[in-house]
Amino acid sequence: MTHDHHHHDHDHPHGSDLTPVEARVRALESLLVEKGYVQPAALDALVEMYETKVGPHLGARVVARAWTDPAYRDRLLEDATPTIAELGIGGRGGEHMVVVENTPEVHNMVVCTLCSCYPWPVLGLPPVWYKAPAYRARAVIDPRGVLTDFGVGLPETTRITVWDSTAETRFMVLPMRPAGTEGFSEEALAALVTRDAMIGTGLPLSPGAEIQP
Amino acid sequence: MNGAQDLGGAHGFGPVRPEPNEPVFHADWEKRVFAMAMAMGFTGSWNLDGSRATRESLPPAQYLASSYYDIWLEALEAQILANGLATREEIATGRAAEPPKPVARVLTADILEPRFRVGFPSDREPEGPARFAIGETVVAKVMNPVGHTRLPRYVRGRRGVVEAIHGAFVFPDTNAYKRGENPAWLYTVAFTASELWGPEADPGGRVTIAAFEPYFDPA
């Protein structure tokens with residue numbers, strides 16, 4: 001990651017090499033640092049935390065544990081926040097977690113129609129499509145059509161429940177364990193759990209498909 | 001408010017377009033906006049509900065034409081101004097012309113991970129018993145507040161069933177304006193797709209919202 005944003009060049013805040021938004025953001029950071037409201041090292045640490053440490057690999061661990069430990073699964077569905085914390089996972093944006101389980105009868109999908117609420121501690125920051133109008137508008141009225149956009153076709157007999165994240169409860173989907181994974185380790189199972197499978201816009205990978213992008 | 005942010009059920013935005021191998025951020029300036037918004041929020045000068053209220057107050061045409069972090073940047077500057085932390089001229093020039101306003105806290109790199117690991121819970125002690133029970137049918141109020149609310153338009157006037165009671169939580173409609181946390185019972189309420197969208201809705205479909213007691217009447 002680059003650190004050139006630390007050159008607080010007060011004489012040339014609108015340097016010709018910067019786009020208007022880049023110049024505006026740099027000016028704002030300069031000002032907030034000069035005022036003492038923010039510290040550049042804390043900003044760097046925030047970016048690093050959400051770029052490299054917090055992400056869907058954490059949610060995948062939770063799912064893999066639930067697939068291999070029935071008592072853990074039961075606790076997870078009953079009271080998700082402390083059960084996720086058993087794995088050392090939790091915090092901002094996931095203070096009040098709810099996990100919903102997919103079955104052959106019911107498929108769950110998570111959205112935030114009003115903004116971008118998303119379970120940060122288990123999935124990281126949301127992708128652009130999750131925050132964009134197309135998904136927020138359509139997930140609640142045409143979830144099956146949205147799944148088609150993701151290349152997911154469910155049996156007509158599978159009913160869909162959409163969870164609109166309109167308060168501070170945050171939702172994660174526990175997908176169904178793929179067939180052919182008997183005897184897999186938690187680590188091998190976690191590699192099959194995609195971010196979209198935990199949002200409900202995808203399904204876990206099939207064994208042998210982990211290396212696909 | 002009935003702003004551009006309240007998107008549930010709107011038509012015309014086209015298909016969802018997932019981006020393969022999407023990076024967490026798409027430009028360095030997005031990283032700085034994200035981090036500044038987090039760090040400024042930490043100062044205690046405003047709360048998360050206030051940030052949401054500010055973002056959704058953008059004129060609808062601007063909101064819909066802006067990228068996500070463009071909206072965050074607009075709102076961040078607006079909140080800095082509204083809370084007297086800087087002047088318009090200071091924001092324009094990027095240079096301080098006046099002394100800083102005291103803030104409650106400043107985020108430092110060393111406390112970031114432990115502090116964010118704990119998070120910022122918004123559940124509170126209830127001020128009375130819950131009005132509704134699990135399994136009870138309720139009706140979402142027909143209401144159109146000009147200020148912040150978390151009751152989406154697409155459920156207003158519709159009948160749903162209480163599926164879970166989560167406890168009492170900070171009430172965004174007042175907290176956004178620093179008019180009190182006013183803890184309110186929070187429920188999961190489930191609506192059938194046909195109740196929301198009519199007979200053409202996906203058979204067997206349901207939509208749930210997490211919503212506060214003041215948003216509902218008994219059926």
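Which residues are linked with A:E168 in a network of salt bridges?

**View 1. A network of salt bridges includes residues of chains A and B.** A:E168, A:R170, B:D49 and B:R52 are linked in this network, where a salt bridge is a side-chain nitrogen of Lys or Arg within 4 Å of a carboxyl oxygen of Asp or Glu. By this rule, 22 salt bridges are counted over all chains. The model is predicted, so that local features need pLDDT of at least 70 and side-chain atom pairs count only at pLDDT 80 or more, while totals for chains, interfaces and linings use all residues. Side-chain values use heavy atoms, with hydrogens and water left out, residues are numbered from 1 along each chain as its sequence is written, and chains are lettered from A and ligands numbered from 1 in the order in which they are written.

**View 2. A salt bridge joins B:K31 and A:E51.** The closest N and O atoms of B:K31 and A:E51 are 3.4 Å apart, and the pair crosses between chains, from helix α1 (residues 28-42) of chain B to helix α2 (residues 40-53) of chain A; helices are DSSP runs of H or I with at least four residues, numbered from the N terminus. B:K31 is buried at 13% relative accessibility, whereas A:E51 is partly exposed at 30% (buried means under 20% relative accessible area, exposed over 50%, and partly exposed in between, with a 1.4 Å probe and protein chains only).

**View 3. A:R138 forms a salt bridge with A:D149 and another with A:D142.** Between A:R138 and A:D149 the closest N and O atoms are 2.7 Å apart, and this pair links distant parts of the chain, 11 residues apart, with A:R138 in helix α8 (residues 133-138) and A:D149 in helix α9 (residues 143-149) of chain A. For A:D142 and A:R138 the corresponding separation is 3.2 Å. A:D149 is partly exposed at 24% relative accessibility, and A:D142 is partly exposed at 29%.

Definitions and conventions:
Helix = DSSP H or I, 4+ residues; strand = E, 2+ residues; numbered from the N terminus.
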